[in-house]
Amino acid sequence: MLSRPLVTVLSVVAVASMVAGCASRSSTERENRGLFGGLLGSGPRATAPDAGIGVNTFLWRASLDTLSFMPLDQIDPFGGVIITDWYANPEAPEERFKATVYVLDSRLRADALSVQIFRQARNPDTGDWTDVAVDQGTRVQVENAILTRARQMRISQLPGS
């Protein structure tokens with residue numbers, strides 16, 4: 001069994017070693033690390049250009065802008081997924097639409113975007129919703145609207161714009 005003075009000395013040495021190890025970091029590094037070493041979004045890692053969402057910012061924001069009239073069901077900015085809830089146009093309440101957008105890349109490219117549109121129509125006899133085919137032109141129009149908006153956002157960020 002260790003004597004009490006020896007335990008005290010060992011404790012002091014252990015604490016001094018830990019403090020000395022912390023002192024080896026620069027004061028700027030210690031200040032910028034934030035809570036849990038920057039894992040929760042503070043410090044230099046959060047301000048780095050690659051930090052934030054894992055997909056192209058312009059495509060992400062343009063997708064949200066383009067689909068802003070539809071209620072959002074789920075969004076994942078890190079995975080690049082936007083899923084809307086069903087939306088029925090007040091002028092055509094017997095049909096409703098839902099959209100899923102995938103932003104697949106961090107670059108602003110047409111192939112970094114995938115849009116799926118779903119459509120349902122109400123059965124006049126039962127009132128139940130049934131799936132109906134969506135014209136591929138509708139999907140292409142939504143993709144083009146998102147890409148156009150993303151390009152507008154990108155151009156507005158260029159110097160001299």
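These are my notebook entries on what I looked up in this predicted model.

**Ground rules**

I number residues from 1 along each chain as its sequence is written. Since this is a predicted model, local features need pLDDT of at least 70 and side-chain atom pairs count only at pLDDT 80 or more, while totals for chains, interfaces and linings use all residues, and side-chain values use heavy atoms, with hydrogens and water left out.

**Entry 1: the whole chain**

I started with the layout. The chain has five helices and five strands; these are DSSP runs, numbered from the N terminus, with helices being H or I of at least four residues and strands E of at least two. Reading from the N terminus, I get α-α-α-α-β-β-β-β-β-α.

Next I looked up burial. Of the 161 residues in the chain, 22% are buried (buried is under 20% relative accessible area, exposed is over 50%, partly exposed is in between; 1.4 Å probe, protein chains only). The accessible surface of the chain is about 11000 Å², and carbon and sulfur atoms own 55% of that (Shrake-Rupley method, 1.4 Å probe; for residues, only the protein chains shown count as cover).

I also checked contacts, meaning heavy atoms within 4.5 Å. Among contacts in the chain with a separation of 6 or more, 40% join residues 24 or more positions apart.

**Entry 2: helix H5**

How far apart are the end C-alpha atoms of H5? They are 32 Å apart, and that agrees with the 32 Å that the 22 residues (136-157) should span at 1.5 Å a residue. The expected span is 1.5 Å times one less than the number of residues.

Then I listed the buried residues of H5: Val142, Glu143, Ile146, Leu147, Ala150 and Met153. They cover an arc of only 130 degrees around the axis, so they sit on the same side of H5. The arc is taken from the directions from the helix axis to the C-beta atoms. On the other side of H5, I found Gln141 and Ile155 exposed.

What do the buried residues of H5 pack against? I get helix H4 (57-66), strand E3 (95-103) and strand E4 (113-122).

I looked at Arg149 separately, as it also belongs to H5. Arg149 counts as partly exposed because its relative accessible area is 32%. Leaving out residues up to four places away in sequence, Arg149 touches Ala62, Asp65 and Thr66.

**Entry 3: salt bridges**

Side chains of opposite charge can pair when their charged atoms come close. I count five salt bridges in the structure (a side-chain nitrogen of Lys or Arg within 4 Å of a carboxyl oxygen of Asp or Glu).

- Arg139 pairs with Glu143 at 2.8 Å. Both lie in H5, four residues apart, about one turn of the helix. Arg139 is partly exposed at 22% relative accessibility, whereas Glu143 is buried at 15%.
- Arg107 pairs with Asp105 at 2.7 Å. Arg107 is partly exposed at 47%, and Asp105 is buried at 19%.
- Asp111 pairs with Arg109 at 2.6 Å. Arg109 is partly exposed at 36%.

**Entry 4: aromatic rings**

How many aromatic pairs does a search of the whole structure find? It finds one. Phe69 and Tyr87 form it, and the pair is edge-to-face, with 5.1 Å centre to centre and 80 degrees between the planes. For the cut-offs, rings of Phe, Tyr and Trp (its six-membered ring) pair if their centres lie within 6.5 Å; planes under 30 degrees apart are stacked, over 60 edge-to-face, and the rest tilted.

The pair links distant parts of the chain, 18 residues apart: Phe69 is in the loop between H4 and strand E1 (72-76), and Tyr87 is in the loop between strand E2 (81-84) and E3. Tyr87 is partly exposed, at 22% relative accessibility.

**Entry 5: Phe118**

Last, I looked up Phe118, which is in strand E4. Not counting residues up to four places away in sequence, Phe118 touches Trp86, Arg96, Phe97, Lys98, Thr100 and Val134. Phe118 and Trp86 are 32 residues apart in sequence and 8.9 Å apart in space, C-alpha to C-alpha.
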